[in-house]
Amino acid sequence: MLRIGDENCTLCSLCETRINVVKNVIVPETEIAVLGLGPGENEDFEGTPFVGRAGQKLKEALYKNGINPSDISYLNSVLCRPPNNKLKKDYIICLKYFEESLKEMPNIKIIMVLGVDAYKFITGKTKAAMSSIYSIPFKLEKYGDILFYPNYHPAALLYKPDHIIEEKFVGGFRIMKEMLEASKTITKKNNYKHILNPEHLDIALNVLKRQEFFSFDLETTSLVPHQAKILSFNFSWEEKTGIAFPYYYINNGNLEYFWEEEQRNKIIETLKEIFSSDVKVTTQNGKYDSLVLKHNFGFGIKIAFDTMLASFLLDSNQNFNLDSITAREIPEEAGVKSEFWNSINADEEQRKEDWYLKISLEDLLDYGIHDADVTYRLTKILARRLNNVE
Amino acid sequence: MWNEKRLFYEIILPFSRVLEDIEYYGMIVDKEKLEELKEDFEKKSKRLEFEIFEHTGNINLNSSKQLAEALFGRLGIPDYIEDFEREKKEWIPFKDEFRTEKGSHSVDVVVLKKIKEIHQHPVAELILQYRSLQTLLSKFVYGLEKYIHNDGRIHSSFFQLTKGGRPESSKPNLLQIPSRDKLGRKIKEIFISDEGYTIIHMDYSAMELRFLAWLAKDPVMLPAFENGKDVHSITTSTVFGIPYEEVMAGKDGVHKTKRFCAKTTNFLIIFGGSYATLQEQLLKYGDLYINRKECSRFIEGFYDTYPGVAPFQKKVEYLVKTHGYMKNLFGRRRYFDSVKNDNLDNSVLSSIVRKASSHLIQGSSSGDYSALKAVELDKVLKSFGGRFFNILYDGFYVLVKDKDVNEFKTIMGDILSKPEDPVKIILPVDIKTGKKWSEV
């Protein structure tokens with residue numbers, strides 16, 4: 001066990017009010033670490049992180065999930081006690097110790113980020129809400145392949161006991177463990193096909209017509225169905241494979257049709273034929289995709305399965321956005337989407353708006369197929385579970 | 001037998017398509033009427049502002065701080081009322097201060113209503129009116145304008161993933177239009193039916209209470225419903241010691257207020273809450289101030305009236321403790337893992353039991369059963385060339401061609417009141433028709 005920090009540090013104003021610098025506790029061979037906001041009263045007094053009541057909660061959750069608390073590293077965003085547990089801008093200097101700590105953990109795979117303040121600290125974001133970041137893993141460019149995994153701060157459970165938050169908190173460790181195990185298994189590479197010329201489009205539409213069951217996802221310009229323009233159509237009917245073709249695309253900053261009229265008509269006619277047949281279509285929140293199709297082309301989808309509705313029915317305490325369900329159910333895919341968002345540097349707000357303006361067509365299609373792919377795989381998992389409930 | 005699988009494929013998925021239709025077609029907005037309302041509301045708001053300033057002087061009415069200074073400072077309105085609080089078994093006098101948890105003055109609706117009822121200062125009512133006008137203006141007048149699509153309709157978005165299974169709408173949230181006051185009704189005037197179509201509105205009457213009576217097999221409430229008696233008047237009768245017939249005779253007159261208290265208590269038991277919650281609801285919805293001791297007596301009176309309910313809640317507690325989840329009649333589960341903690345706090349336990357019992361009652365009735373009926377109704381509706389207009393909680397609004405209204409009303413009533421597995425009771429429905437949302 002190592003301790004990282006400088007007991008004589010005077011890099012920020014916290015040195016005036018602290019009793020102790022609470023150095024990070026590092027287990028060099030560990031694959032897991034937790035990152036808190038900063039020391040509390042007890043920690044400041046004893047000079048050791050996570051020794052107070054919140055730390056106790058944390059350790060209980062680790063035990064419950066079969067993780068020995070002495071096998072992991074304990075990090076804080078700031079190493080000195082921040083008054084009123086509030087972060088200030090100049091504390092960011094303390095990132096230095098976080099980064100030094102990383103260097104001492106060559107095997108580190110996952111860092112659980114406890115609470116929204118630690119999240120803001122590590123990502124540099126100024127706005128975030130726990131309810132929307134919980135359980136959505138992400139990576140940060142400067143820290144390479146380390147997966148950051150947000151969870152509630154155990155102190156939140158002490159202020160206001162809430163059984164749902166408690167379950168989410170404890171459950172977060174289970175998911176983290178699963179992601180860790182999944183990251184070690186080597187799996188087949190994805191086979192994602194981009195359909196970008198008329199010949200390939202013909203083939204793709206014909207192949208699509210032959211499918212009896214596939215997942216479907218649209219990428220669009222808006223979350224409001226009657227204002228949305230379609231950027232890409234995405235399909236998957238086999239694990240880790242999928243196809244996508246664009247519809248509108250960004251050309252010199254303008255939204256333009258990707259295809260000539262002939263191809264566009266072919267796309268619309270074929271999809272109309274497919275969606276009015278007996279084909280089984282699975283989606284994530286397919287009501288949206290169906291509405292977008294209706295507003296754009298006058299026909300919708302008969303949805304045979306919906307992963308969002310199913311996952312919510314199976315456990316209404318968990319988050320139901322696609323990234324969260326994926327992290328829970330297909331841990332090896334956790335974090336894939338965040339690499340994408342990082343690549344275009346989009347924060348949560350931008351994701352809702354003009355993200356598509358910044359992204360290459362290739363990335364957009366990959367992103368869409370990935371959604372279709374995981375939707376297909378989640379369908380298998382969730383449908384099986386629905387069949388098995390007693 | 002219902003289970004999650006059947007629930008998913010037979011209710012949740014098809015219901016999602018019903019909601020999709022409502023979103024797709026949207027509701028026509030009468031833009032002229034909206035303009036008219038805007039003018040009217042703005043004028044009223046200005047006048048109210050003027051009247052309030054006569055009391056308070058010129059202040060920023062949106063600043064709670066300035067308002068509090070005016071009310072409790074300049075106007076000298078006391079910033080508390082005398083009430084009672086239960087300590088163990090005793091009721092002791094208690095100073096109910098108008099302050100937030102952080103200690104600053106609060107001037108929210110409940111406080112204003114307390115000022116109005118207890119301190120009887122006329123400015124409170126003016127501020128309340130001003131506030132509700134402002135809310136309506138921002139949410140449903142200015143707010144609505146931005147949601148009118150270029151087809152002249154608003155396409156509100158429905159969210160199906162609520163714990164009880166009752167959909168919620170957003171952009172705009174139509175559930176927020178107050179149904180109890182005149183102004184709310186005015187807002188509803190701007191939503192109109194399509195040309196040649198009539199809106200039919202159908203509402204289950206006292207659906208949740210009927211489910212409670214049935215599931216608890218309550219020896220008083222169940223026969224009362226079966227014999228067409230007024231359950232709210234039964235509660236009134238025992239709580240206030242007035243014969244049932246007398247309550248019924250004065251239900252819109254001398255006993256109206258008492259019956260309102262009883263009715264609010266009846267609903268409190270279903271939706272869950274303490275005597276403090278009851279006090280707030282009586283204030284909010286009925287402009288009635290009843291002290292906490294009395295509110296608590298109403299709740300005790302409820303349990304005395306219906307001896308089957310307390311044992312039923314005990315049973316729910318037992319089930320949720322044993323399984324760690326509660327299942328509703330359709331197999332929908334809600335997990336309460338922490339109920340298994342050995343050192344479970346009493347207040348946490350009672351909150352879990354409240355949620356579990358509401359999951360069973362509300363979730364089975366206005367949640368999944370309503371959705372099942374909506375799916376059934378939608379099929380027949382389509383064969384008539386009609387469609388759903390809106391769904392609010394357990395109320396359905398549908399559009400049918402003018403010529404089909406009478407025939408469809410009968411069919412609709414039959415479909416909706418007919419019990420369907422797993423429900424074994426007949427649920428009476430109220431049906432109204434009109435050309436505007438406000439008329440139904």
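Modeller: Two residues are said to be in contact if their C-beta atoms, placed from the backbone, lie within 7 Å. This is a predicted model, in which local features need pLDDT of at least 70 and side-chain atom pairs count only at pLDDT 80 or more, while totals for chains, interfaces and linings use all residues. Residues are numbered from 1 along each chain as its sequence is written, and chains are lettered from A in the order in which they are written.

Biologist: How many residues of chain B are in contact with chain A?

Modeller: By that cut-off, 25 residues of chain B are in contact with 23 residues of chain A. On the side of chain B that touches chain A, α1 (4-25), β10 (333-335) and α15 (346-383) each supply at least two residues, where helices (H or I, at least four residues) and strands (E, at least two) are DSSP runs, numbered from the N terminus. The most comes from α1(B), with 10 residues.

Biologist: What makes residues on that side of chain B nonpolar, polar or charged?

Modeller: Ala, Val, Leu, Ile, Met, Phe, Trp, Tyr, Cys and Pro count as nonpolar, Asp, Glu, Lys and Arg as charged, and the others, Gly among them, as polar. Sorted in this way, the side of chain B that touches chain A has 10 nonpolar, six polar and nine charged residues.

Biologist: Why is A206(B) called buried?

Modeller: A residue is buried if 20 or more other C-beta atoms lie within 10 Å of its own, exposed if 12 or fewer, and partly exposed in between, with the C-beta atoms placed from the backbone. A206(B) has 20 C-beta neighbours inside 10 Å, and therefore it counts as buried. A206(B), in the loop between β8 (197-204) and α7 (207-215) of chain B, also has a positive phi of about 45° although it is not a glycine.

Biologist: Is N252(A) buried or exposed, and what makes it so?

Modeller: N252(A) is exposed, because it has 5 other C-beta atoms within 10 Å. N252(A) lies in the loop between β12 (248-251) and β13 (254-257) of chain A, and its phi is near 50°, a positive value in a residue other than glycine.

Biologist: How do you know that β12(A) and β13(A) pair?

Modeller: Two strands pair if DSSP finds at least two bridges between them; four bridges join β12(A) to β13(A), which run antiparallel, and therefore they pair. Across this pairing, N251(A) stands opposite N254(A) in β13(A).
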